[in-house]
Amino acid sequence: MMGFTDLQFIWWVLIGAVLIIYAATAGFDFGATMLLPFMRKESDRRVILNASGRTWDGNQTWIVFAGGGLFVIWPAVYAATFSGLYAAILIILWSFFLRPPGFDFRAKIDSHIWRRFWDLGLFVSAFFPMLIFGVAFGNLLQGLPLSFSPISLRSFYHGNFWGLINWMGIIAGVVAILMALMHGAAMLNRRTEGDLKRRMQRLFYIFGVLLLIVFTGGGFMVAYAVKGYVLVHSPANATLHPLSSVVTRQTGAWFASYAQYPWKAAAPIVAYIGIVLAMITLKLGKGAFAFWMSVVAIAGVVATAGTALFPFIVPSSFAPAQSMTVWNATSAQYTLNAMLYVTIPLLAFILCYKIFAYWAVWRGKGTLDSKDVAANEHEYY
Amino acid sequence: MLPSAAVVDLSRTQFAFTALFHFLFVPLTLGLSWYLVAMEAAYVRSGKVVFRDMTQFWGKLFAINFAIGVVTGITMEFEFGLNWAYFSRFIGDTFGTALAIEGITAFMLEATMIGVFFFAWGKINKWAHFGATILLAIGSNLSILNIIVANSWMQHPNNTVFHWQTMTMHLTNLWGFYIDTLAQIRVGHILFAGVMTGTMFILGISAFYILKNKNVGFAKRSMAIAVGFGIIGVLSVGFFGDQNGLQVAQKEPAKMAAIEGVWSTPTPPAAWSLLAWPDQAKEKNIFDISFPYVLSLIASHSLTGTIEGERQIIAGNKLRIESGLMAYKLLPKMREGKATPQEIATYKAHKKDIGFAMLARRYNDSMTNVTPAQVTAAAKDSIPNVFVTFYSFRIMVACWSVMVFLLLFGLYYCARGTMEKHKWWLCCLLVCIPIPYIASEFGWVTAELGRQPWVLKHILPTFFGASSIDVASVAFSLGGFALFYLMIFIVELALMFKFANIGPASLGTGRYDGEEKATTESQV
């Protein structure tokens with residue numbers, strides 16, 4: 001078996017990677033469907049729907065991977081946050097309900113009201129989950145009011161939904177939405193033709209610049225206004241017993257942790273480079289390359305939030321000593337090890353068939369316009 | 001502080017509702033996916049366009065069903081954390097592995113391949129497309145395999161140990177999880193239940209076309225495939241069901257006694273009650289209609305076997321609660337590191353019953369001075385609701401018998417080539433589309449209510465596993481789920497009826513009844 005702390009760290013990286021893949025794949029579907037209701041022509045809306053629709057289901061499934069990963073690797077985190085953030089999780093879940101019918105059922109009835117209803121449904125199903133994911137990260141940076149009972153280790157949440165609405169939470173939520181919009185525009189620019197493609201290019205610049213501004217603003221908030229956490233001491237072999245760490249709180253602690261872990265700085269640097277390169281390459285007419293740079297940018301943004309917290313996963317503002325960290329919130333060594341051996345080959349397999357799937361559905365010219373949709377009236381969304 | 005009884009009841013209601021609703025869509029996905037494989041195999045081998053049309057048409061209905069399966073499936077994954085937080089933290093190390101592997105292997109595969117299935121017709125080589133369809137079926141079926149492995153572990157936990165330091169279950173052997181006999185038998189049972197759902201769905205809709213005298217050729221071909229699969233399916237589901245019964249009799253005696261309405265251990269050969277009126281309070285059947293010898297045959301495949309009655313089980317559990325309390329009382333001291341070696345030895349002797357002690361937590365918050373009356377009350381809670389378990393099981397078996405009957409006729413008519421001529425049989429098929437759904441739903445009710453009061457058998461009581469949240473939250477979410485699911489259900493039924501009614505004409509090929517003849521593609 002591999003060393004316990006190695007496994008704990010590897011799993012922190014892997015779960016972060018899955019969240020990044022989710023943001024980078026489902027992210028463009030979210031962005032595309034947020035733009036959908038604002039298109040004036042039904043033909044444009046159907047192009048957008050089909051550009052996203054052929055792979056959306058597989059992209060969305062990364063959230064199931066992430067959820068399953070949380071459950072098995074960090075059970076305490078999964079249990080305490082899902083039950084604690086009950087209302088927020090329900091908003092995500094209920095918004096998702098509109099998504100599969102929105103894609104699958106919209107085209108099956110030829111009625112203006114029916115289709116406009118699902119346009120709105122698809123917007124809601126993209127906007128609210130993205131917003132809540134962002135708000136949740138914004139609140140993780142400030143800690144959640146969690147505690148555990150001493151004997152049975154039952155988790156309690158000493159707050160409510162409205163407590164999540166604060167400046168840092170809102171800024172992080174806006175970052176998440178702008179990120180999805182930018183990425184959606186990059187994908188649609190790559191996959192569409194003519195006028196729609198040009199409009200998407202303009203939108204990409206607007207959202208990209210806004211993202212740069214708000215992301216940087218969020219950084220200043222974290223440096224000067226948010227009380228971060230410092231893990232002073234963690235007992236050896238503290239697995240799933242989050243009661244006895246020594247934790248202090250001070251403003252700017254997350255920024256200060258960059259001195260302790262210099263590698264954390266790579267994340268925001270990658271984010272800035274990604275956004276800027278995407279803008280330059282798009283100007284040069286390299287749509288596919290710009291899309292991949294947008295992926296890099298998203299990886300940087302998500303990683304910035306995740307690494308800033310390290311080694312914390314969920315700091316507790318109610319009882320800082322009971323914060324959940326990479327070192328005390330994992331399952332036991334056997335499970336981490338067995339899951340790693342199962343996951344690595346499966347991830348490789350997933351990568352192969354994902355490439356096959358993208359290749360299969362985009363085979364040919366690789367772009368879509370209203371003529372293609374009209375020619376496949378009975379098969380397409 | 002434990003969650004209130006209202007929170008527990010509402011959480012259970014919500015979980016039961018969302019799980020049963022989810023399972024209205026799962027079996028059809030499972031079964032129909034193999035039909036898509038069979039139909040596309042016929043197409044790639046023979047090259048006949050009718051087989052491709054069959055694949056695409058049944059695929060359309062598959063997609064409508066699949067969309068709702070996805071929606072309701074994500075709910076299940078979220079709900080463990082939402083409403084069963086204590087349970088989730090307690091079993092993440094073990095149960096979580098199977099659930100995560102499900103997400104990584106199965107869900108991902110089927111969700112990716114469904115896009116290829118619909119959007120890559122004509123774009124890629126037909127063999128490559130066929131490969132994608134096979135992966136779609138494998139993905140769907142791997143999904144239920146992992147879920148059943150996880151659920152079977154809840155019915156009969158093994159390959160795991162309890163750790164008091166962390167209050168969690170630790171996994172000792174991942175492979176052991178998957179090769180567990182109970183799990184394998186139940187996987188077989190459910191896979192073939194899926195085949196049966198697909199069979200009855202195709203038979204019923206095809207019968208409708210024949211009765212309305214449209215697309216008769218298309219419908220007959222579909223039916224012939226369905227009768228063949230169906231005979232294998234209905235016999236296999238029965239075989240695995242019978243094997244499952246043997247396992248339950250051995251490993252889950254309280255469930256077995258509830259299924260058969262047995263209150264006192266009978267002397268072999270034991271009689272089997274076809275119908276009875278079990279009375280939980282009096283711990284006896286008010287009346288029953290029974291057949292001699294049959295219960296011994298069902299439970300042990302011999303005349304010498306018997307099953308333990310609920311009264312004997314309650315008496316045994318009372319002793320286990322008392323034993324478990326000895327261990328539970330020591331937990332605070334052990335947490336502080338102040339337990340003497342003698343106390344640690346006591347804990348070790350009684351730790352296997354510590355879950356039983358938790359049953360008493362309902363009646364005594366401090367757990368230090370549990371009275372004999374409280375132990376008796378807790379012991380009375382330690383068996384499932386016999387009435388519901390008894391009848392759920394019988395409804396499931398009755399549905400199965402109806403399907404056997406219909407399929408035997410189907411086989412006979414199919415062999416004689418006269419399927420389209422038997423109006424009464426076709427009408428029966430049409431009205432029997434819901435039969436396999438009813439069987440699946442009541443099968444789950446039997447399995448899950450029969451396990452109560454445990455969420456993890458003999459280790460964690462259900463009420464202990466619920467999240468500590470307020471009643472208003474759960475009441476609100478239950479109402480929301482009911483409303484959303486009702487709307488989704490109406491939309492999905494409307495679309496199903498619409499497309500089943502239009503039939504293969506919905507493909508727009510111009511080859512089927514009810515559409516204008518087109519000449520876009522020549523007949524092959």
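Of the 381 residues in chain A of this predicted model, 57% count as buried. As for what it is built from, chain A has 15 helices and six strands.

How does the overall size work out? A compact globule of 381 residues would have a radius of gyration near 21 Å, and chain A comes in at 21 Å, so the two agree. Along the principal axes, the C-alpha atoms of chain A fill a box of roughly 65 × 40 × 40 Å.

Now for where the chains meet. Chain A puts 61 residues into the contact and chain B puts in 67 residues. On the chain A side, several elements supply at least two residues each, among them helix 3 (56-60), helix 4 (62-73), helix 5 (75-84) and strand 2 (155-157). Helix 14 of chain A gives the most, with 13 residues. Here is how the chain A side that touches chain B divides up by residue class:

| Class on the chain A side | Count |
|---|---|
| Nonpolar | 36 residues |
| Polar | 16 residues |

Over in chain B, helix 2 (residues 26-46) is worth a quick check. At 1.5 Å a residue, its 21 residues should span 30 Å, and the end C-alpha atoms sit 31 Å apart, which agrees. Just after helix 2 of chain B comes Gly47(B), with a positive phi of about 75 degrees.

Definitions and conventions: Residues are numbered from 1 along each chain as its sequence is written. Chains are lettered from A and ligands numbered from 1 in the order in which they are written. This is a predicted model: local features need pLDDT of at least 70, side-chain atom pairs count only at pLDDT 80 or more; totals for chains, interfaces and linings use all residues. Two residues are in contact if their C-beta atoms, placed from the backbone, lie within 7 Å. Helices (H or I, at least four residues) and strands (E, at least two) are DSSP runs, numbered from the N terminus. Ala, Val, Leu, Ile, Met, Phe, Trp, Tyr, Cys and Pro count as nonpolar, Asp, Glu, Lys and Arg as charged, and the others, Gly among them, as polar. The radius of gyration is taken over C-alpha atoms; the globule rule is 2.2 Å times the number of residues to the power 0.38. A residue is buried if 20 or more other C-beta atoms lie within 10 Å of its own, exposed if 12 or fewer, and partly exposed in between; C-beta atoms are placed from the backbone. The expected span of a helix is 1.5 Å times one less than its number of residues.
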